[in-house]
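Hi,

Here is the structure I promised to pass on.

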Amino acid sequence: MRMDQKQDLETLGIALAAIPGLAIREREPLSAHTSMGAGGPARYFVEVDRRDALDPLLELLRSAGVPWMALGGGSNTLFSDEGFEGVIVRPGRDFRGIREGDEPHTIVAGAGANLSAVMNFAKRRGLGGVEFGVGIPGTLGGALAGNAGAGGQDICSITESVGVLTPEGERVVRGRGEFKYAYRKSDLKRDFILEATLRLCPDAPEAIQARIDGHLGKRKEQPVGHRSAGCMFKNPPGSAAGRLIDQTGLKGLRINQIWVSDKHANFMINDGGGSVADILALMNRVRDEVRAATGVELETEVRVVPPAGLPPEPDAQGE
Ligand code: EPU
C-alpha cells in the first residue's frame with residue numbers, strides 16, 4: 001500500500017461521515033459479517049441505508065483511490081486474518097425492497113434483499129423459478145455476483161436485467177446478453193449491483209411448494225446451522241467435489257477449529273474462533289490430497305479477498 005493511501009484512509013472517515021444516509025463502522029471485524037465467522041477487521045464497513053447516499057459514496061471512494069468492495073450476506077466470501085485495508089460497502093435499507101415488475105411474471109428486487117425473501121415473495125404471487133434459493137443464505141446482489149444456484153439452476157439464468165453502477169460511476173441497466181455468466185461466476189461482480197428484474201413462471205402453489213420441499217430435502221444432507229461458507233469448491237465438469245473429497249477419505253480432517261464436514265465433504269465448518277489461515281491451509285490440503293488420489297484439480301468456489309483489495313478477475317466465461 002502506498003504511503004499516501006494510508007493517509008487517505010486516515011482522513012477518509014471524516015469525508016464518509018459527511019455523507020448522510022451511511023452507517024459507518026471503523027475497524028469492524030469481518031468475522032461478524034461472513035457466514036464462516038472468520039476474518040480480520042475492515043478499516044471501514046459502510047452500510048448504505050439511503051439510495052441517494054450511494055453516488056456520493058462511490059464518487060468519494062473513486063477520488064480517494066482506496067480499495068473498496070461490495071459485500072452482500074458474506075456467505076461465499078473469505079477475507080484474510082489481516083482483514084481489509086479499505087472500505088466494505090453493503091447495500092442497506094433502501095436496497096432491500098421487493099416488488100412486482102411492470103411486465104407480467106416479473107419481480108424487481110434490491111441487491112440487499114435476502115434470496116429467501118425473494119423466493120417467498122414470488123411464491124405468494126404464484127410465481128415459480130426461484131425455489132432453488134430456499135436455504136441459500138445470502139443477498140440477491142451477492143447471488144448475482146457469484147451466480148449462486150442449486151440443483152442445476154442458477155440466479156443469472158432467470159434474470160431479465162440488472163441495474164448497476166459501473167466502476168466509472170455510470171448507472172446502467174444490463175439486459176440479457178449484456179452480462180456474462182457461467183457456472184458459479186458472472187461478470188456482474190465488477191459493478192455495484194443495485195437491483196434486478198427476475199423473470200418467473202406462473203405455477204400452482206402446490207407445485208412451487210413441492211419444489212421448495214425438494215430443495216429443503218437436499219439441504220438436510222448439508223451441515224446447516226454450522227458456521228460454513230457453503231460449498232468450498234466448484235464441481236468439476238461431470239463430477240462432484242463433495243464426492244471426490246469424500247472418496248479421498250477426508251471427511252473430519254481438521255486444522256485447529258476448521259474441519260471438513262462429516263455430513264457433506266464440500267463444506268468446511270468453523271467450530272468458533274477459527275482463522276482464515278487455517279481455512280486456506282485446509283483447502284490446500286484437501287486440494288493436494290484430492291489431486292494425488294484422483295488427478296482432479298479442485299477449483300475454489302468461495303471468493304477469497306486479499307487484505308488490500310481484489311486482484312483483477314478473469315473474464316467470467318474465460319479460464
Ligand atoms: N457426495 C458424496 N459425499 C459427500 C457429499 C456428496 O459422495 O460428502 C456425492 C453425493 O452423493 C452426490 C454428489 O456427491 O452423488 C453431489 O452431491 P450433492 O447432491 O450433495 O450436491 P453438490 O453437487 O455437492 C450442489 C451445489 C450446492 C447445492 C447442492 C444442492 C456446487 C459446488 N454445489 O452440491 O451448492 O446446495 O448442489 O442442489 O455446485 C454452494 O454453492 O455453496 C452449494 C452448497
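**Starting from Val48**

Val48 sits in strand β2, which covers residues 41-48. Before going on, keep in mind that this is a predicted model. Is Val48 buried or exposed? With a relative accessible area of 0%, Val48 counts as buried, because the cut-off for that is under 20%. If you leave out neighbours within four places in sequence, Val48 is in contact with Gly21, Leu22, Ala53, Leu54, Leu57, Val89, Arg90, Pro91, Gly92, Arg93 and Phe95.

**The strands around β5**

The strands β2 and β5 run parallel and are joined by 6 bridges. Strand β3 (residues 68-70) also pairs with β5 in the parallel sense, over 3 bridges, and there Ala70 stands opposite Val89. As for β5 itself (residues 84-91), 6 of its 8 residues are buried, so the rest of the structure largely encloses this strand.

**An open sheet elsewhere**

Arg199 belongs to β15, where it is the bridge partner of Thr106. Strands β7 (residues 106-110) and β15 (residues 192-199) run antiparallel, with 5 bridges joining them.

Both strands are part of an open sheet of 5 strands, in the order β6-β7-β15-β11-β12, with antiparallel pairing. At its edges are β6 (98-100) and β12 (171-175), each of which pairs on one side only. On average, neighbouring strands in this sheet are turned by 20° against each other, ignoring direction. Helix α3 (residues 115-124) lies across β6, β7 and β15, and runs at about 25° to β6.

In soluble globular proteins, nonpolar side chains tend to be buried together. Here, the largest nonpolar core has 33 residues, and Leu144 and Ile155 have the most contacts inside it. At least two residues each come from β7, α3, α4 (140-146), β11 (159-165), β15 and α5 (205-219). Which of these elements gives the most? It is α3, with 5 residues.

Not counting residues up to four places away in sequence, Ile155 touches Leu115, Val130, Phe132, Leu140, Ala143, Leu144, Asn147, Ala148 and Leu198. Another core, of 23 residues, lies apart from the largest one; Ala38, Ala229, Phe233 and Leu250 are among its members.

**The chain as a whole**

Zooming out, the protein chain has 7 helices and 20 strands. Its C-alpha trace spans about 55 × 50 × 35 Å along the principal axes. The radius of gyration is 20 Å, which agrees with the value near 20 Å that a compact globule of 319 residues would have. Of those 319 residues, 50% count as buried. Looking at contacts between residues at least 6 apart in sequence, 65% join residues at least 24 apart. The chain exposes about 14,200 Å², and carbon and sulfur atoms supply 51% of that area.

Cheers

How values were computed. Residues are numbered from 1 along each chain as its sequence is written. This is a predicted model: local features need pLDDT of at least 70, side-chain atom pairs count only at pLDDT 80 or more; totals for chains, interfaces and linings use all residues. Side-chain values use heavy atoms; hydrogens and water are left out. Two strands pair if DSSP finds at least two bridges between them. Helices (H or I, at least four residues) and strands (E, at least two) are DSSP runs, numbered from the N terminus. Axes are lines fitted to C-alpha atoms, for helices over the stretch in contact, and angles run from 0 to 180 degrees between N-to-C directions. Contact means heavy atoms within 4.5 Å. Buried means under 20% relative accessible area, exposed over 50%, partly exposed in between (1.4 Å probe, protein chains only). A nonpolar core is a set of buried Ala, Val, Leu, Ile, Met, Phe, Trp, Tyr and Cys residues joined through side-chain atoms within 4.5 Å. The radius of gyration is taken over C-alpha atoms; the globule rule is 2.2 Å times the number of residues to the power 0.38. Accessible areas come from the Shrake-Rupley method with a 1.4 Å probe; for residues, only the protein chains shown count as cover.
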